Amino acid sequence: MADIPVVLFTLKMAAISTLIIAPLALALAAWSWRAGAKGLLLDAVGALPLVVPPTAIGFVLLELLSRRAPLGRMLDRAGIDVLFTPKAVVIACGVMAFPLMFTAFRVAIETTERRYFDIARTLGATPLRAFGRVTLPLAWRGLLSGVLLAFCRALGEFGATILIAGNIPGRTQTLALAIYDRVQSGRDAEAGALVVWVVVIAWLFVAASGLLIAQQRKRFAA
Amino acid sequence: MIELDVSLPLAHFTLAVHCVLDEKVTALVGPSGSGKTSLIESIAGLRRATGRIVIDGADVIDLPPERRRIGYVPQDVALFPHLNVRRNLTFGGDARFDDVVEILELAPLLDRAPASLSGGERQRVALGRALMTAPRLMLLDEPLAAIDQPFRARLLDYLRRVRDLGVPMIYVTHQPAEALSLASWCIVLERGEVAAQGPPGSTLG
């Protein structure tokens, strides 16, 4: 039961970060889809955090948010503390989960067949309306799957989080950081219990995501 | 009157069509790969062609598809699978809902899902959906291609009813009989160019 607060805190941070990046990932995925070949460049940028070490991303975020950088100074002047607060956890989780969500959204939109979008336009719909009324409803399973995958990625985020949020029990410590903390201090049984939490939660969400992807494929293969 | 002066590079040749269509129904015929669908998609605004597409005195070539007011029924009909027939029909407007439903006998289908419709029913719904937008031109890409022979005559009858609504129509077909039955003008396309045009009887020989 002692693990419950850290589990709830991690779920909350992952949920907030996922909700924040979802509109951005959707907008960029839609733009990239419409842009065709030109969108490939954006696809690569969107996928960067997937291949760059999380600590490298964490370092970049740390530099950007520190008082030495214009963004950090601006936040400081506005009285907003970010580094080593739960806000930093949300930022780290969001940045690291973004590529998974963006890539899943891209694939989900791509599999809806552009034809329906085109036909909607010949029926008088603007690109935005055609996307909202035709492409999105057809892609919803894939989109939801992307949200779930990103949520799972945020649940397990470690490298970027520890650099910009630290590992402060009761303030910024997430499940991944707590496991690291327990192992470092030789409390292996406690670490094991936390691992069970992570695995069960992640398994549930990844399974749900896989089910949604299978349904999406089945629908468009028919 | 419809004036086409369309140029569009394709994989193996350039589509270059120049013609004036005065008749209500024009059949567009030609072998596979002659550029018929590309021409239709250019007129609908789904491909960016250069030149002029003048409908009722207005050049629409630079307009996006949604502002052209051209009804397009593609070969695969592309009914929106997540919307029932009624919502497919009214997607682009419902100004002629009662008329269109009556002419195409769509009333029994209104609450059905597209997946549950037969090929002929899907064609009728797609025709109705395009007509609901009150188009100034209808483009039909081989509407009978996927229909079994016994049902073709019935669907042809529906197409005649659409013709009688008075909306100009360009009709892509492989079948001379269809062209003769529906159209009053015929264009034969070969490798992207107009090889012959005239009344279907004389053009199709």
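## Trp31 and its helix in chain A

Trp31(A) sits in helix α1 of chain A; helices here are DSSP runs of H or I with at least four residues, strands are runs of E with at least two, and both are numbered from the N terminus. This is a predicted model, in which local features need pLDDT of at least 70 and side-chain atom pairs count only at pLDDT 80 or more, while totals for chains, interfaces and linings use all residues. Residues are numbered from 1 along each chain as its sequence is written, and chains are lettered from A and ligands numbered from 1 in the order in which they are written.

Is Trp31(A) buried or exposed? It counts as exposed, because it has 12 C-beta neighbours inside 10 Å. The cut-offs use C-beta atoms placed from the backbone: a residue is buried with 20 or more other C-beta atoms within 10 Å of its own, exposed with 12 or fewer, and partly exposed in between. Leaving aside residues up to four places away in sequence, Trp31(A) touches Gly39(A) and Leu42(A), where a contact means C-beta atoms, placed from the backbone, within 7 Å. The C-alpha atoms of Trp31(A) and Arg106(A) are separated by 9.6 Å, although these residues are 75 apart along the chain.

Helix α1(A) covers residues 4–35 and reaches 45 Å from its first C-alpha to its last, close to the expected 46 Å; the expected span is 1.5 Å times one less than the number of residues. There is a bend of about 30 degrees at Ile21(A), with a proline, Pro23(A), following within four residues. The bend is the angle between axes fitted to the seven residues ending at a residue and the seven starting there. After the helix comes Gly36(A), whose phi is positive, near 65 degrees.

## Chain A as a whole

Chain A has 10 helices and zero strands. Its C-alpha atoms fill a box of roughly 65 × 40 × 25 Å along the principal axes. Of its 222 residues, 44% count as buried. Among its contacts between residues at least 6 apart in sequence, 74% join residues at least 24 apart.

Chain B has seven helices and 10 strands. Its radius of gyration is 16 Å, close to the 17 Å that the globule rule gives for 205 residues, so chain B is as compact as a globular protein of that length. The radius is taken over C-alpha atoms, and the rule is 2.2 Å times the number of residues to the power 0.38.

Strands β1(B) (residues 2–9) and β2(B) (residues 14–21) pair antiparallel over eight bridges, and a hairpin of four residues joins them. Pairing requires at least two DSSP bridges between two strands. β1(B) also runs antiparallel to β4(B) (residues 50–55), with six bridges. Ile2(B) stands opposite Leu21(B) in β2(B) and opposite Ile55(B) in β4(B).

Helix α4(B) is mostly covered, with 11 of its 13 residues buried; among them are Val125(B), Ala126(B) and Leu127(B).

## Where the chains meet

The contact takes 14 residues from chain A and 16 residues from chain B. On the chain B side there are 10 nonpolar, four polar and two charged residues. Here Ala, Val, Leu, Ile, Met, Phe, Trp, Tyr, Cys and Pro count as nonpolar, Asp, Glu, Lys and Arg as charged, and the others, Gly among them, as polar.

Definitions and conventions
Two residues are in contact if their C-beta atoms, placed from the backbone, lie within 7 Å.
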